[in-house]
Amino acid sequence: MSAPRSPWTQRFDRLEAALDRFGRLVMEWWTWPLAMFLAGALALTASLVCYPVENDVHAFGRDLMGPCEFRELYDQPCASCGMTRSWVWIARGHPLIALRYNVAGVLLWCALVWGGLVGFLRLVRRDPTVLRAPLVASGSLVTGWIVLYMIAWFLRISGFYPLD
C-alpha cells in the first residue's frame, strides 16, 4: 500500500494530465520528442564544430564570438560569459575546464544532450512516456539552473569567479 499523496502532488498530477490532454489536441505524439532530439543534437553538434583557441572559440577557421558587448559597455562580464567555451570543453571531455568557464553552461549542455537522448529513445520506441520525469522534478531542475546561473554571475562580477 502506498502512502497518501499530498494535496500539492495531486494538483501537479492534475496539471500534468491537463497539459498532456492539451498537447495531444494541438500536436502529434512525436512532435515534442523530435524537438527534444533536435535540440540535443544541435547542442552537441554546435559544441563539437566549435573549437577552443587560447581564450576564445572558433568555428570554420573564424573567431566565433568577438568582443562581448556587455563587457565593452559596462566593464563587467555578462551572465553568459564563458557559456560557449563551457560547451566546447564539456563536449571534449574536460569537465573541470568547462566548469571554470560557466557552471550553468555545463548543466544546460548536459540537460540538452540528455533531453536529446530521451527524445531519440521516445521516437525509436514510439512511446512519448519513456523516461518521463515528474513535472515537479522538471520544474525544480529549471529553477535550480536559473538560480545557479545567477549565483555564478554574481560571483563573477564580485571577483570570486573570474574568467581569463
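A pocket, as I use the word today, is an open set of grid points where a 1.4 Å probe fits, with protein on both sides within 12 Å along at least five of seven lines. Lining residues have an atom within 4 Å of a point. One caveat: this is a predicted model.

Start with the second largest pocket. Its lining counts 18 residues. Nearest the centre are Met-65, Gly-66, Cys-68, Cys-81 and Arg-85. The volume is about 370 Å³. Which elements supply at least two residues each to this lining? Strand E2, residues 56–59, helix H3, 69–74, and helix H4, 83–91. H4 gives the most, with three residues. By class, the lining has eight nonpolar, five polar and five charged residues.

Now the largest pocket. Here we have about 1,400 Å³ of space. The lining has 35 residues. Trp-32, Met-36, Arg-122, Ala-133 and Ser-138 lie nearest the centre. Two or more lining residues come from each of helix H1 (7–26), helix H2 (31–49), H6 and H7.

H6 covers residues 103–125 and H7 covers 135–157. Their axes are 8 Å apart, at an angle of about 155°. Angles over 145 degrees count as roughly antiparallel, so H6 is roughly antiparallel to H7. Who makes the contact? On H6, Val-103, Ala-104, Leu-107 and Leu-108. On H7, Trp-145, Leu-148 and Tyr-149. By class, that contact has seven nonpolar residues, no polar and no charged.

Note on methods:
Residues are numbered from 1 along each chain as its sequence is written. This is a predicted model: local features need pLDDT of at least 70, side-chain atom pairs count only at pLDDT 80 or more; totals for chains, interfaces and linings use all residues. Side-chain values use heavy atoms; hydrogens and water are left out. Axes are lines fitted to C-alpha atoms, for helices over the stretch in contact, and angles run from 0 to 180 degrees between N-to-C directions. Helices (H or I, at least four residues) and strands (E, at least two) are DSSP runs, numbered from the N terminus. Angles under 35 degrees count as roughly parallel, over 145 as roughly antiparallel, 65 to 115 as roughly perpendicular and the rest as oblique. Contact means heavy atoms within 4.5 Å. Ala, Val, Leu, Ile, Met, Phe, Trp, Tyr, Cys and Pro count as nonpolar, Asp, Glu, Lys and Arg as charged, and the others, Gly among them, as polar. On a 1 Å grid over the protein atoms alone, a cavity is a set of points where a 1.4 Å probe fits but cannot get out, and a pocket is an open set with protein on both sides within 12 Å along at least five of seven lines; lining residues have an atom within 4 Å of a point. Grid points are joined across faces, edges and corners, and a volume is the space filled by probe spheres set on the points.
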